[in-house]
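I opened the notebook to follow a few helices, a sheet and a chain contact. My entries are below.

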Amino acid sequence: MEFLLSGQLLVAALIIGSIYGLVALGLNLIYGTMRLLNIAHGDLVMIGAYTGYWLFTLAAISPVLAMLAAGALAGLTGAALYFGLFRRQLTGSQPIERIEANSLLIFFGISIIIQNLTALAFTASPRTYQALDTLVRIGEVSIAQSRLVALAVCLGLSAAIVLFLRFSALGLSIRALIQHRTASRIVGIDVDRVQAFPFVLGLAGTLIGVTEQISPFMGFPFTIVAFVVIILGGLGNLAGGIAAGMVLGLIETYGVALTSANLRSVLIYGVFILVLILRPEGLLQRRRLT
Amino acid sequence: MRLPAPRETVPLLLVAAIAAILPVFGSDYYLGVGFALFGWIALVQSWTIVSGLAGYISLGHVVFAGIGGYVLVLTWGAVPVWAGAVLGALAAGLFALLVGLPVLRVRGPYFVILTFGLAEFAKYVVINIENALGKFGRLILGGPQVETLYWAMAAAALAGTLAVIATRRVRLGAGLAAVREDELAAETIGVPTVRFKLFAFALSALLPGFVGALFVLRTGYFEPAQAFDPVISFTIVTMAIIGGSEDARGPVLGALFLVVLSELLWASFPQVYMIILGALLIGFVLFAPNGVAGLLDRLRSTGGARAAT
Amino acid sequence: MLTVDRIGKSFGGVRALHDISFTVPEGSIYGIMGANGAGKTTLFATIAGNLAPSAGEVRLRDLRLTGLPPHRIAGAGVARTFQIVRPFRGLSVRENVATGLRFGARNRAGAAALDAAGILGLTGLAPVADRPAGALTLAQQKRLEVARALATGPQLLLLDEVMAGLTPAEVQQMIAMVRSIRSDMGVTVMIIEHVMGALMALSDHVVVLDHGETIAAGPPEDVADDPAVQTAYLGRRR
């Protein structure tokens, strides 16, 4: 009981929650503006984690610097996928439901390819590495430096992105695009610019890689989590998504603390199923008049 | 009675012919490959009923196979082997009925990710149950011979193929097609959409339950992470998309293609096999949405047009 | 035949229909008029069961339709078309009609005598019967809406702007078709139409909706002269 009330657990929950919030923000933007169901979302996180790992292991480059390179790599991958595969689909004449369903299957294929290419290159066995592992004490709570950086970067970035989208002209048009389901057909400069987002995923990936096990298949849980979060927080509601990320982090951390670590996946998927069933139309989607 | 069309006779004959030919080689290897092929055909045909005909794409069909396998090991020793396999099928069907009502209210891509989540959820629940029971994998000793399992699976493949053909012919099939095209319009012209979807979902769960039980009998081993492996769901969808899911031909063609490919690659280059799988999925979704069966139709119709001029 | 009894419908506080009541006599053609957003399509959706009304009920003779799922209402003999067409795009025109024939009303009335060929002939779709419905022109898709609804063997047919977007010649064809549906098949028709002339020419009786409320009802000539209608509906259109 004492453990449950400890600051240690709360900080752990906040760190996970801030990561979830940032990762989900990307899915919110990409799904919101383009109706592309990016199942490979988490794999860009994985790419970031590996980049950080290799730069540190081979060249002793600190994750703080490596995350920029990781961001660039994830950004390039994302942009290549978009311009190579999806841009044409979006500008075509297919109905939006078709694009959604197709994009899901295509991204699933991409996800499998990315995961197995990684496994082929670096084997499937999980890895960890020690960087930024000095313990920092804040009051009674002691946290590894890496986790603190993750918390700061994720929260800072999320806030910066939300504020940017709220107050810039680009942000206004992107948010308008998210609100109007059918308008996402009109693909222009705005949607192209959303492609910059995977940069953030690579960045987050590096930070996750420092704190958790790295494996070719580590990304998928983040995809699932991102879906839970955007459905919880409301499609297109960027700030709501970050709050929902925090909520999920709390549910997960305290749920596991109350039961057992084995139940972590049961918990996440349980929330996932409930949220989807209770909100069958996705979210914040007005029923069409017929 | 309508005369059987080629799209009905071809897959039936193909399955029957393969079933008759493989044992001629007289080696357990070919029986094993045949067993796997028929298992996939049965799975993909079943999937086609709810996902091809009704358009509710399930990315979690492994859950039914997993349940079938789990029921088999749970009843192992308590009931005869085949009764255990049939119970597995019934349990899978029952599970589909129970979750179907809320799950089938969810549409389009949300249904796809929901079914995936549901299967993963079931997997982790079973893992936790087994952990709590202190079981880390269960061995099944003294199951049926390979040859017996081979014929049982061939029967399942035939049953699945017949199920798709029959469903397409009857009122249920017409109703499911209407649901796929436009659910609101379907219910407005009198299709009992809720009942039909639920029935199709349960129907599409039965055989996978049976197949899952046979998979366990074949490996002689039950391990939840393997029995509920999401790669199985993924493979079902890929086979259906490569073969086509308009009628009973697609699943046979898709399964045949991928089983041969996997025989060539899986053992030595599992990752390469998966990469090719992913690439094929993307390629077919983008360029041949009706699969090999659709390509064959297109070839025949342009060939026919050319012959006519 | 059809009684609409104090029907109301609101969407999250926005009132789309308020206290609508009227009775459609058997064998009549009953017109629904009103500006965009007046609640006409919402009214059809509440009759056909696609939307549950927030208040009131709809009865077909003695049968309470409100609360029944759409397929049961279709089974009771009510068919509707959609203003924004919803054909089964991937199926052929013939299959669209066949699906209607296979489901639809339990006691097939009116159009019961017609088979697929008859319906395709009546609606002028026979030449395109084997095309996928998604490949038809808009005018053809509008006729397919009617054909599929007729195939369900309805006693009451709800037509939602089946003439919008059609050329004058096509409108004349459609008018003739609706008349024949009523007189030759004995199907009662309710019709929403923006093409005023067509509606006035066809209907025995007209109801005018404005902002979800009935502002006038009666024979077409009386309604056309009604001052409330002139200001609320015709006035705004100018």
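**Entry 1: a term before I start.** A crossing of two helices is called left-handed if the near helix is turned anticlockwise from the far one by less than a right angle, and right-handed if clockwise. I also note that this is a predicted model.

**Entry 2: a helix pair across two chains.** I looked up helix 12 of chain A and helix 5 of chain B, and their crossing is left-handed. Which residues make the contact? From helix 12 of chain A I listed A:Ser265, A:Val266, A:Tyr269, A:Gly270, A:Phe272, A:Ile273 and A:Leu276. From helix 5 of chain B I listed B:Tyr110, B:Leu114, B:Gly117, B:Leu118, B:Glu120, B:Phe121, B:Tyr124, B:Val125 and B:Asn128. I sorted the residues of this contact into eleven nonpolar, four polar and one charged.

**Entry 3: the whole contact of chains A and B.** I then widened the view. On chain B, 32 residues are in contact with 32 residues of chain A. Which element of chain B gives the largest share of this side? Helix 5 of chain B does, with 14 residues. Helix 4 (81-103), helix 11 (230-243) and helix 13 (270-287) of chain B are also among the elements that give two or more residues. I found that this side of chain B divides into 23 nonpolar, six polar and three charged residues.

**Entry 4: chain A by itself.** I found twelve helices and two strands in chain A. Along the sequence the pattern reads α-α-α-α-α-β-β-α-α-α-α-α-α-α. Of its 290 residues, 49% are buried. I also looked at contacts with a separation of 6 or more: 77% of them join residues 24 or more positions apart.

**Entry 5: the sheet of chain C.**

**Entry 6: one residue of strand 7.** I picked C:Leu159, which is in strand 7 of chain C. Is C:Leu159 buried or exposed? It has 27 other C-beta atoms within 10 Å, so C:Leu159 is buried. Setting aside neighbours within four places in sequence, I listed its contacts as C:Thr81, C:Val146, C:Val178, C:Val189, C:Ile191 and C:Ile192.

**Entry 7: helix 5 of chain C.** This helix covers residues 138-151. I checked its length: at 1.5 Å a residue, 14 residues should span 20 Å, and the end C-alpha atoms are 20 Å apart, which agrees. Twelve of the 14 residues are buried, so helix 5 of chain C is largely enclosed by the rest of the structure. C:Val146 is one of the buried residues. The buried residues pack against strand 6, helix 3, helix 4, strand 7 and helix 6 of chain C. After helix 5 of chain C comes C:Gly153, with a positive phi near 65°.

Note on methods:
Residues are numbered from 1 along each chain as its sequence is written. Chains are lettered from A and ligands numbered from 1 in the order in which they are written. This is a predicted model: local features need pLDDT of at least 70, side-chain atom pairs count only at pLDDT 80 or more; totals for chains, interfaces and linings use all residues. Helices (H or I, at least four residues) and strands (E, at least two) are DSSP runs, numbered from the N terminus. Two residues are in contact if their C-beta atoms, placed from the backbone, lie within 7 Å. Ala, Val, Leu, Ile, Met, Phe, Trp, Tyr, Cys and Pro count as nonpolar, Asp, Glu, Lys and Arg as charged, and the others, Gly among them, as polar. The expected span of a helix is 1.5 Å times one less than its number of residues. A residue is buried if 20 or more other C-beta atoms lie within 10 Å of its own, exposed if 12 or fewer, and partly exposed in between; C-beta atoms are placed from the backbone.
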